[in-house]
Amino acid sequence: MSAKKILIVDDELRIRKLVGDFLKREGYIAIEAENGKIALDIFNTEEGIDLVILDVMMPEYDGWTVCREIRKISNVPIIMLTARSEEFDELFGFEMGADEYVTKPFSPKILVARVNALLRRVERKEDKIKSFDGLQIDENAHIVYVEGKAIDLSPKEYELLLYMVENKGKALGREQILNKIWGYDYFGELRTVDTHINRLRIKLEKQSKLIKTVRGVGYRFEVEK
């Protein structure tokens, strides 16, 4: 896995170097910007910035402005740094889209720990989004997209699709699917599975090809290479 890039934005060279050194020890790539204008230029041209550490009081553009502009185009995690600790300032920072708020003076070790924790939360959230050849499942929002367009699935159809995706490449028997999705105390017929698969295929349109019929067994979710 490639090292994550952290953009450090502060008009104090001492702060940038201090934070940068601690981040580099953790294996991160530290990119520095001495004011808000340079920060936005870097963010718009440098690919793959994973997190921004952003001072509030800076020349050119202040941290609030930079945060607001970044939020127009990205959900990248932002940690605000400030010498002001009033509740109003923290609330304003969160309203602008900041994820964390750190008051100066601060412990570089604690700041790095917050960076680690915030990136872990982002990674867990990203793990909840599954994409397969034009099909995307957002488990956080319980929404399925086909070619970027949200489709309307019933709760059982959504559960069925997610179960098949989680068992990608495996042949799932009708009875196995019935027990998993409808429960062992369900006394309906195996045709219930076929009916829901057919409805699901219709809604998936071109991506219905991802659900294969396994003759004599049931179905398999398979991504063509």
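**Side-chain contacts at a glance**

At 24% relative accessibility, Glu-32 counts as partly exposed. Keep in mind that this is a predicted model. Glu-32 also has a salt-bridge partner, Lys-17, with 3.4 Å from N to O. That pair ties together distant parts of the chain, 15 residues apart: Glu-32 is in strand S2 (residues 29-33) and Lys-17 in helix H1 (residues 13-25). Lys-17 comes out as partly exposed too, at 42% relative accessibility.

**Other salt bridges**
- The structure holds 16 salt bridges.
- One of them joins the side chains of Lys-5 and Glu-46 at 2.7 Å, N to O.
- Here the partners are 41 residues apart, with Lys-5 in strand S1 (residues 5-9) and Glu-46 in the loop between helix H2 (36-45) and strand S3 (49-55).
- Glu-46 is partly exposed, at 31% relative accessibility.
- Glu-139 and Lys-130 meet at 2.1 Å, N to O, and Glu-139 is buried, with a relative accessible area of 14%.
- There's also a salt-bridge network linking Asp-10, Glu-12, Arg-14, Asp-55 and Lys-104.

**Rings**
- Searching the whole structure turns up one aromatic pair.
- It's Phe-132 with Phe-221, edge-to-face, at 5.3 Å centre to centre and 70° between the planes.
- Phe-132 belongs to strand S6 (residues 129-132) and Phe-221 to strand S12 (residues 218-221), 89 residues apart.
- Both Phe-132 and Phe-221 are buried.
- Over at Phe-22, the charged end of Arg-25 sits over the ring, 4.6 Å from its centre.

**A loop serine**
- Ser-74 lies in the loop between helix H3 (63-71) and strand S4 (78-82).
- Its side chain reaches the backbone nitrogen of Val-76 at 3.0 Å.
- Ser-74 counts as buried because its relative accessibility is 18%, and the cut-off is under 20%.

Methods:
Residues numbered from 1 in each chain as written. Predicted model: local features only at pLDDT ≥ 70, side-chain atom pairs only at ≥ 80, totals over all residues. Heavy atoms only, no water. Helix = DSSP H or I, 4+ residues; strand = E, 2+ residues; numbered from the N terminus. Buried < 20%, exposed > 50% of the residue type's maximum accessible area, 1.4 Å probe, protein only. Polar contact = N/O pair within 3.5 Å; in protein donor to acceptor, adjacent residues only side chain to side chain. Phe/Tyr/Trp six-rings, centres within 6.5 Å; stacked < 30°, edge-to-face > 60°. Lys NZ or Arg CZ within 6 Å of the ring centre and 35° of its normal. Salt bridge = Lys/Arg side-chain N within 4 Å of Asp/Glu carboxyl O.
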